[in-house]
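Trainee: Could you take one part of this model and go through it closely with me? I would like to follow how a single element is packed against what surrounds it.

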Amino acid sequence: MIKFLKVVIIIILSIIVLSIVILIINHYQENKKFVLKTNLETENQLQEILEKRVDGKNIFSGTVRIESGDGSFQWQACAGSFDENKDYIAASITKLYTAAVILRLYDEGKLSLQDNLGLYLSEETLTDLHIYKGVDYSKQLTIENLLFQTSGLPDYFEEKNKNGESLIQHLMTRGDVNSSVEEAINITKELNTHFIPLESRKSYYSDINFDLLGLIIEKVSGIPLEQAYEDYIFEPLELTETFLMTKEKNTEEFLNKMQPVYVQSNTVIAPLYLASFPASGGIVSNSKEQMIFLKAFFQGKLFSKDNLNHICNFRKITSPGMTSLEYGGGLMRSKLVKPVAIFFPKCTIIGHSGASSSFAFYCPEKDLYITGTLNQMSNPGYPFYFMMQLLNVF
């Protein structure tokens, strides 16, 4: 018995000592001022990490670009079968573009984030959209609920429909799908909502939130979403290679500009899917132009910088497979969990990723921006550890 108690005491003391060490390390990391130092060795380390990640087993194609806030450091590389002359599918990074336009319209006084959806969407669209435990909350939904993913609406992309298949399952097993936002709304009404929109401390990631924001942009601006992106983002930033996929662009000319996405070891191009849900995932771009956009987003060149404080109010995502992430106003945030944080200096990344393993994030502690894609749909979580490895080089 005495021997057993000694073992227990030793274990408890070890845990206490380890906890103290972790606290000291974390305190040192949080108070240490970051100084960006780069050289040829830095670029070699980055290249090595990229080539190890694009291993030809799980990842077959990838590109990444890293820049400092002031532009004094810029590095870009690709690996595997990635064709640097082609753009890649930004997927849900599109949500950043949609958020930027919404915030610009807010700055112009054309809408309020607290506006109810009934001001902009038809009765037909709203009817039975959000019913939770027998109570209809559809008319209580606001633009802010959509932007912050706090509506509680289900996600037609990940959740199974009445036929027992989700949209992502269809894409990965049967290829492209020709649909529409209207069809997505109908599917959403068939699925179960997750909570009432008034429970603002929760977020549930759902593409329909941004599909609806796309409809609101068109209603408020009086122009098609494609033109709104052009007027508010592409033209001011001189993004000549970035475009929103539309069904009219389902031609050889545009398909030849697009990098195919891998589903395990097979490739797929899904132009009709991208065109069907433009505001939640329809943009096609490259790491250089995504970098220009990402910097403009965080540096207040697209909307009032005052809005950043508001949209950086994050809530834990409750969606399956995403519980390590938080969501703000069109923004994801990822923080290292404590066991991993021992080995990496403090690094928070804010931005967005996509189902194609695309990524566009900002690390405020190091004032570094990172964009690119690993071009793999089988596991959209691939980019996060990869980005942390790259950022830890600095």
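Mentor: Helices here are DSSP runs of H or I with at least four residues, numbered from the N terminus. The model is predicted, so local features need pLDDT of at least 70 and side-chain atom pairs count only at pLDDT 80 or more, while totals for chains, interfaces and linings use all residues. Residues are numbered from 1 along each chain as its sequence is written, and side-chain values use heavy atoms, with hydrogens and water left out.

The buried residues of H16 are Tyr382, Pro383, Phe384, Phe386, Met387, Met388, Leu390 and Leu391. The axes of H2 (residues 40-53) and H16 (residues 382-391) come within 10 Å and cross at roughly 160°, where axes are lines fitted to C-alpha atoms over the stretch in contact and angles run from 0 to 180 degrees between N-to-C directions. H2 and H16 are therefore roughly antiparallel to each other, a term for angles over 145 degrees.

In this pairing, Leu46, Ile49, Leu50 and Arg53 of H2 meet Tyr382, Phe386, Gln389 and Leu390 of H16, contact being heavy atoms within 4.5 Å. Leaving aside neighbours within four places in sequence, Ile66 is in contact with residues including Leu46 and Leu390.

Key
Helix = DSSP H or I, 4+ residues; strand = E, 2+ residues; numbered from the N terminus. Parallel < 35°, antiparallel > 145°, perpendicular 65-115°, else oblique. Buried < 20%, exposed > 50% of the residue type's maximum accessible area, 1.4 Å probe, protein only.
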